[in-house]
Amino acid sequence: MLDNTNISPAMAGAVGAEISRTTSYPIDASDIRRWAIAVYWPQQPPVMFQVGDVAPEEFNPFAWAVAGSVAANPGAARDRNDPDNTELALGIPGPGLKFQLNGGLEVEYGTRMRAGDVITSVRRLGEYSERDGRLGLMLFSRTEDTWTNQDGELVKKTVSTLIRY
Amino acid sequence: MSPRKPVAVGDELEPFVRETGFANWNRYAAVNDEFVPIHMDDEAGRAAGYPTAFGMGNLQWSYLHNLLRAFAGDDGEIVRLSCQFRGPNTKGMTVTAKGVVTAVDETDGAVTATLDVWTEDQNGTKLAPGTAVVRLR
């Protein structure tokens with residue numbers, strides 16, 4: 001650990017904790033179609049996403065609204081633009097850094113999402129690390145997110161890295 | 001189902017190319033509910049240390065999926081994908097998603113391809129390098 005660190009004992013102690021458990025509304029074919037139009041724009045998306053019921057692998061069924069969500073700290077204010085939102089969801093103080101960036105993603109896919117599916121996401125806090133970067137001391141935190149469908153089938157496992165500075 | 005095209009190490013995927021800026025990013029924000037100032041406001045981008053607002057890493061992630069889906073076809077599957085977001089997709093960039101096959105495994109008639117994939121800017125600077133595994137049918 002660096003002498004000048006943003007990783008508090010409370011943060012280090014929370015590694016492995018469940019951050020949240022969220023359930024989507026049933027996926028709507030129109031949401032699949034709009035997603036595909038946005039990510040292929042200005043070209044038309046593949047026909048399978050326009051007239052079929054299968055969703056692109058990276059489709060997000062939790063955008064805009066969810067059917068239910070339980071956070072480790074239910075009283076936490078939910079502001080995704082707040083760089084401390086991960087720790088606040090766990091009920092511990094965050095590092096108080098000003099900026100956050102998406103550092104990377106690692107995904108293993110299972111069964112495809114389809115219209116009508118209800119997806120459950122379980123997010124857990126992964127490891128913290130730090131290193132000096134062009135913009136100063138950078139904090140890296142990992143989050144593990146497992147999605148399953150209404151039949152308990154694995155949809156995907158994602159490890160995402162958040163960079164804060 | 002049409003016969004699957006043969007695949008070999010060194011094969012390059014058909015690139016997926018997009019001119020990028022607010023027209024792309026706002027559409028993506030609208031479907032992913034990702035209205036973050038650094039993606040919508042040049043001042044916010046500059047305050048974060050970049051010359052302009054910059055696009056979502058998640059949209060480059062989608063571009064990599066688009067690349068792989070075109071390679072795999074409707075019957076193929078993306079098994080794994082990972083990437084690091086190393087460079088910002090600033091306003092006006094031409095972003096190209098590319099890939100090359102690095103290994104092919106054929107077991108019991110099932111073909112699995114491992115690939116290096118990445119997005120790059122118009123100067124060839126890699127923005128989001130990664131790896132993928134795709135099952136072909």
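This is a predicted model: local features need pLDDT of at least 70, side-chain atom pairs count only at pLDDT 80 or more; totals for chains, interfaces and linings use all residues.
Residues are numbered from 1 along each chain as its sequence is written, and chains are lettered from A in the order in which they are written. Local features need pLDDT of at least 70, and side-chain atom pairs count only at pLDDT 80 or more, while totals for chains and interfaces use all residues.

Chain A and chain B bury about 3,000 Å² between them, with 51% of that on carbon and sulfur atoms; buried area is the accessible area (1.4 Å probe) that two parts lose on being put together, summed over both. Trp41(A), Trp64(A) and Leu105(A) supply 20% of the area that chain A buries against chain B, more than any other three residues. The contact (heavy atoms within 4.5 Å) takes 32 residues from chain A and 38 residues from chain B.

The axes of α2(A) and α1(B) come within 8 Å and cross at roughly 155°. That makes the two helices roughly antiparallel, a term for angles over 145 degrees.

| Helix | Range | Residues that meet the other helix |
|---|---|---|
| α2(A) | residues 29–40 | Arg34(A), Trp35(A), Ala38(A), Val39(A) |
| α1(B) | residues 22–32 | Arg27(B), Tyr28(B), Val31(B), Asn32(B) |

The residues of this helix contact divide into five nonpolar, one polar and two charged.

Asp33(B), which follows α1(B), has a positive phi near 50°.

Terms used
Side-chain values use heavy atoms; hydrogens and water are left out. Axes are lines fitted to C-alpha atoms, for helices over the stretch in contact, and angles run from 0 to 180 degrees between N-to-C directions. Helices (H or I, at least four residues) and strands (E, at least two) are DSSP runs, numbered from the N terminus. Angles under 35 degrees count as roughly parallel, over 145 as roughly antiparallel, 65 to 115 as roughly perpendicular and the rest as oblique. Ala, Val, Leu, Ile, Met, Phe, Trp, Tyr, Cys and Pro count as nonpolar, Asp, Glu, Lys and Arg as charged, and the others, Gly among them, as polar.
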